[in-house]
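Welcome! Take a moment to look over the sequence and turn the model around before reading on.

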Amino acid sequence: MNTHDFIAREDKVCPPTYTPLPVVLCKGKGSWLWDIEGKKYLDMMTAYSAVSFGHAHPRLLKTLNEQAQKLTLTSRAFHTDKLAPLLEKICALAGFDMGIPTNTGVEGVETAIKVIRRWGYETKGITSNEAEIIVAKNNFHGRTTTVISFSTELEYQRGFGPLTPGFKAIPFGDARALKEAITPNTCAFLVEPIQGEAGIIVPPKGWLKEVREICTKNNVLLILDEVQSGLGRTGKMFAFQHENIQPDGLILGKALGGGLLPISLFLSRREILSLMTPGSHGSTFGGNPLACAVGYEALSLLEEEHLDQRSAELGAYMKSSLEKIQSPLIKDIRGLGLWIGVEFHKDLVTGREVCEAMRLKGVLSKDTRKTVVRFAPPLTIKKEEIDFALEVFTETLHEIEKAKQLR
Ligand code: PLP
């Protein structure tokens, strides 16, 4: 069976909620992926930043295998010996007291929303069912019905109403808009410190610090969604550390599972999370010992191999190399650490065209919001591998320019 046959087979049984590039992958090792025809690709996308340790990291695989032989799932009807060590470690790293374990990123967000609202009613004293959460325009926090309710992308909502009320969207990076949007019913500001799916949008310097001050002044919780930006991706362990602030709650996911399995967390302070009582929340797989063991090992790897620093150094190298590329197609280059978006002039080329052409040359990435190509390689990537991606990207752009007679 060839690539075409496999895609046709999948299309018959799986509805088209994605538009994947026409490649059928069957193997991954380190920074590389292989398709069923034996062609090798550099992974510059890492499952939307979730494969930060590269594919099949030996240490993570060892932990996975060892734990799989011992104990994988009990549900939280019982205690296991793996949940406390993971939560202790991540709380120490991120500056929190407690955490609720879930599975996917959006479940972490849903958990945060429940906790925030409960805090709003029981601690802040908001009238029942009146709590408001402020979010940013162009946010991406996942795909459940509540979470799409505060998306500003209409396509994410079309045909899925009625939507969940209680959210208000303000422009990203605008501190004054936040101040003006706060009412006595506001319980939290929920925001990505850098907007990933919106096209790797880095807010103005100092904005997050100002946001912290506004939230504190108004008794509003600052909840950061670092599902994508967290765990070294931006060159610091957490993106909020670039501004030396401490949020009131933090959502993590993606890379925490080492690229092997899903695990997410909502972390906060004791007085906030203590409001969650038996029966208020739960998940059969949340906090399972297999995911907790892998998550613990992933955090140890991050720390011991200083992958956050590596991300900062290699990211700076990659960004400055991208900035040297002379191309009329490029409109903007932005990002932090190994998380860089290149935006193209929309009337000249789409991100999709660039990704399709790079794929033919052995580099995989994915466009976002049509005009942006993201580069989010494993944090373990080697400099030579980055050079290969840069070479392919440059060559691709020059070929497109020639084909469009821009050169
Ligand atoms: N939050 C952010 C910032 C994300 O980027 C994503 C996924 O891209 C999510 C939440 C949702 O994560 P998941 O797809 O694991 O539900």
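This is a predicted model: local features need pLDDT of at least 70, side-chain atom pairs count only at pLDDT 80 or more; totals for chains, interfaces and linings use all residues.

Two of the features below are open sheets: one has the strand order β1-β2-β3-β13, and another has the order β11-β12-β15-β14.

**The sheet that includes β1**

- This open sheet is built from four strands, and their pairing is mixed.
- At its edges you will find β1, residues 25-29, and β13, residues 363-364, each of which pairs on one side only.
- β1 runs antiparallel to β2, which spans residues 32-35, and four bridges join the two strands.

- The edge strands are β11, residues 330-335, and β14, residues 367-368, and each of them pairs on one side only.
- Five bridges connect β11 with β12, the strand at residues 340-344, in the antiparallel sense.
- Within β12, isoleucine 340 is the residue standing opposite glycine 335.

**Serine 52**

- You can find serine 52 in the loop that lies between α2 (46-49) and α3 (58-70).
- Is serine 52 buried or exposed? Its relative accessibility is 2%, so serine 52 counts as buried, since the cut-off for buried is under 20%.
- The side chain of serine 52 makes a polar contact, at 3.2 Å, with the side chain of arginine 233.
- If you set aside its neighbours within four places in sequence, serine 52 is in contact with Arg233, Ala255, Pro378, Leu379 and Thr380.

**Around the ligand**

- Which residues are around the ligand? They are Thr104, Gly105, Val106, Phe140, His141, Gly142, Glu192, Asp225, Val227, Gln228 and Lys254.
- By type, this shell divides into three nonpolar, five polar and three charged residues.
- Valine 106 takes part through its backbone, where a polar atom is 2.8 Å from an oxygen atom of the ligand.
- Glutamine 228 uses its side chain, with an N or O atom 2.8 Å from an oxygen atom of the ligand.
- Lysine 254 also has a polar side-chain atom that lies 2.8 Å from an oxygen atom of the ligand.
- On its own, the ligand has 390 Å² of accessible area, and the protein covers 82% of that.

Definitions and conventions
Residues are numbered from 1 along each chain as its sequence is written. Side-chain values use heavy atoms; hydrogens and water are left out. Two strands pair if DSSP finds at least two bridges between them. Buried means under 20% relative accessible area, exposed over 50%, partly exposed in between (1.4 Å probe, protein chains only). A polar contact is a pair of N or O atoms within 3.5 Å; within protein, one must be able to donate a hydrogen and the other to accept it, and residues adjacent in sequence count only if both atoms are side-chain atoms. Contact means heavy atoms within 4.5 Å. A residue is near a molecule or strand if one of its heavy atoms lies within 4 Å of it. Accessible areas come from the Shrake-Rupley method with a 1.4 Å probe; for residues, only the protein chains shown count as cover. Ala, Val, Leu, Ile, Met, Phe, Trp, Tyr, Cys and Pro count as nonpolar, Asp, Glu, Lys and Arg as charged, and the others, Gly among them, as polar.
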